[in-house]
Amino acid sequence: MSPTAAKWRSALARVTTVDKETHDTFTLSLEPADGQTLETFAPGQFSMLYVFGVSELPISISGDPQEDGRLTYTVRSVGRATQALVSRQPGQTLRVRSPFGRPWPLEAARGKDVLIVAGGIGLAPLRSVIYHVLRHREDYVRLMVLYGARSPTDLLYRKQLAQWARLPDTQILTTVDYGGTSWRGQVGVVTTLFRHLRLHSAQTVAFICGPEIMMRYVTRQLAARGLPESQIYLSMERNMKCAVGFCGRCQLGPYFVCKDGPIFSYEEMRPWLDRHEL
Amino acid sequence: MEMSQSAIGTLAVLELSALAQLIPTLQRRGYQVLGPTLRDGAVIYDTLEKLEDLPIGWSDEQQAGQYRLKKREDGKLFGYALGPQSWKGYLYPPEVRLCTFERQGDSFRASDEPAAPLKQAFLGVRACELAAIRILDRVLLADRYVDKVYQGRREGVFIVAVNCTGASATCFCSSMQTGPKVEGGFDLALTELSSPQRHVFVAEVGSGAGAEMLAELEHRQPLPEELQQAQAAVEATAAQMGRRLDTTELRRLLYGNFEHPEWDQVAARCLSCANCTMVCPTCFCTTVEDVTDVRGQHAERRRKWDSCFTESFSYIHGGSVRMSIKSRYRQWLTHKLASWVDQFGTFGCVGCGRCITWCPARIDITEEVEAIRGNHRSHSGQGEGSDGNQSVD
Amino acid sequence: METKALIDLLREHPFLEGFKPPHIQKMAEMAHEVQFGRDQMIFREGDECGLFYLILSGRIALEVSAPGRIMRVHTVGPGEELGWSSLLMGDAKHFQARTLEPVRALALDGARLRQTCEQDHGFGYLLMLQLVRIVAQRLHATRLQLLDIYAPRGVKLI
């Protein structure tokens, strides 16, 4: 486990910007308030965010890990607590406990192709990986991003994706489950993008994040295409209240998703992924 | 008398009258003395003022879904087995405030609740309970993170353990290798010897603090026959276990049987009432509640005991991962007897039998394990014998 | 286009993986190259279009039209196939196929392909096997689309 995973800090943070990504998803940028410090993070880690009087929520960090003293989160409003988060205005404060969790194993991917497969809001925690890879471009070979969303209006970071697509040795492919008529891109589930890749399986490390159903069929297909199970990583999600392995809610088989994860290799997860109601 | 590490292991004998000084002596040293007393038809733990607060001359009769107090013919202090409560309530409180928040203009201030350093003395800790405390130490102090609330309370605890001289019908500490003899982790350990002629306690020193305490109480060297009697009493208890849990290859058994039909069987009986998790001395799951006052100026975060049996325990957007009672019972059992091994290196179960006694549906953890192994027993009267005949209790 | 050039293109198309040279030769004799511009209808709902297409470049949308709107259900691109129903008898098209960008493809006569399958069962087996694989993939993908896994509420994830 990364040593950074064990050290976390609690701080008050001020919202600097709130960007609307889609009809229900917003990106919040935070900076430290009152002379406090925001702890740095590694891609894949998450924070516990608290809005006054509402519950604390685990949210993946989706910003650039090398942007000192600032934290960025892309949050989808799915209930009362997330709605409270996304309706923050610039200048308002949150309490941040951060960072938690085992991050994406970027060291393991050095010298290899990085394949990112994201579904829906799953692109948020993976964006930190993209930032990292682009900042350390010589450490990695090809960068391939496969991104699936529900419909064109649900796509995140469209401008950034378009910019990144123009970079050398970088492939950004998107697809939607439901396309309207103005969408000239691909329609179909994210696995339909695989045939557009020329994968060098042994030389590829895959990072996957999205709804669990999607991660199940993506990991199976990647394994079937020859990627070693130890080179496929997923970001799992469970109910979390404490983030430090004590409330017990995030258990998945023998693992506590908050401290043994949220990032797991497919090798670790495979015996548990297919089990019903685990 | 000088306190020294070499005092550990020292044996002495206390007369009943000497033991009566234990509580006031602890109180003088600033301890809140907690121990067993009678209330609401059961032996529960509460603050003790004097020796007479103990359930003197009382025993208990336990079975699956049954608990009765029973008057003894002697005046034994510790003649009962176990009540519904465990010591975890004093180390890992059922409800605790974690932090408070005060609005300040457009912002707010957060204050973490300082861990209250308490001096608590536990009187009457059984071997299985000591094992449970050891297990909680592993979970809450010795893993990636430390729970400050537990730490603050744990560090100041003085433990007076008691060797069991009788087992109940639901006890199976022998199977879990957690008792009945107390081994380490205590300050003083007592074995009660009661007969018409005398009423004494063989005391064993377990720590420097224990030695200091013993020095303040009138005691003498134990007679050889007293030591023999103490040993015999504990050995007899080991043979008296009411239940047995076969732990052979248990982790593999449970991991390999996620779809065993027994889960459906037990789910048909389980009420998902969470009694078992409440009485279990090692269950540690909690929930967190955030509340505000009516004016919205002041907010608090509180941590409360929770249970994996509740439907919302595993809720993520869209629904709960474990919707069915079957999946929740399976989670509890598999965690206690399999995943715990991967997580913390031991079983989570200490064989205290509380979950069997306090289950309103008379579900028996030892029976369930046997059923997964393919052997049905008829303790609860609900199972079929392996030859297919209905058994009647 | 010359048969030789057709053979090269066919050999490289993923649909023909595992086919032997004599089979590819046969198919080349039934194939011809086609090109479409942007926003062109390759076939419409109800057409008894008998052609089976192997896409070389460009993207095509499969759509269904309903009063007031057009619904896009799937897109196919280079290396994929279009119009597999032509290989089955008597099936009119259920969807319309519209190009989203300029398309190059190899078109094969469905009826002639079926005839060849009748005459050469070895070839027929390979073709049908490949067809079943594609249809299975499409079915699987369609089912996953139906699950609407990105929908915000009311969907049990597991």
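Modeller: The account below begins with the sheet and then turns to the domains, the chain contacts and a helix pair.

This is a predicted model, in which local features need pLDDT of at least 70 and side-chain atom pairs count only at pLDDT 80 or more, while totals for chains, interfaces and linings use all residues. Residues are numbered from 1 along each chain as its sequence is written, and chains are lettered from A and ligands numbered from 1 in the order in which they are written.

In chain A, an open sheet is formed by six strands in the order β4-β3-β6-β1-β2-β5, with antiparallel pairing. Strands are DSSP runs of E with at least two residues, helices are runs of H or I with at least four residues, and both are numbered from the N terminus. Two strands pair if DSSP finds at least two bridges between them. The edges of the sheet are held by β4 (56-60) and β5 (71-76) of chain A; each has a single partner strand, so one side of each is left without a neighbour in the sheet. From one strand to the next, the twist averages 40°. Axes here are lines fitted to C-alpha atoms, for helices over the stretch in contact, and angles run from 0 to 180 degrees between N-to-C directions.

Within the sheet, strand β3 (residues 46-50) of chain A pairs with strand β6 (residues 93-100) of chain A in the antiparallel sense, over four bridges. Y50(A) stands opposite R95(A) in β6(A).

As for the domains, the assignment divides chain A into domain 1 (3-100) and domain 2 (107-235); such bounds come from an automatic or database domain assignment. The C-alpha centres of these two domains of chain A lie 24 Å apart. Their contact takes 15 residues from domain 1 of chain A and 13 residues from domain 2 of chain A, where contact requires C-beta atoms, placed from the backbone, to lie within 7 Å. On the domain 1 side, this contact has three nonpolar, nine polar and three charged residues. Ala, Val, Leu, Ile, Met, Phe, Trp, Tyr, Cys and Pro count as nonpolar, Asp, Glu, Lys and Arg as charged, and the others, Gly among them, as polar.

Chain A also meets chain B: 31 residues of chain A are in contact with 36 residues of chain B. The chain A side has eleven nonpolar, eleven polar and nine charged residues.

Finally, in chain C, helix α1 (residues 3-12) and helix α2 (residues 21-30) pack at an angle of about 120°, with their axes 9 Å apart.

Notes
Two residues are in contact if their C-beta atoms, placed from the backbone, lie within 7 Å.
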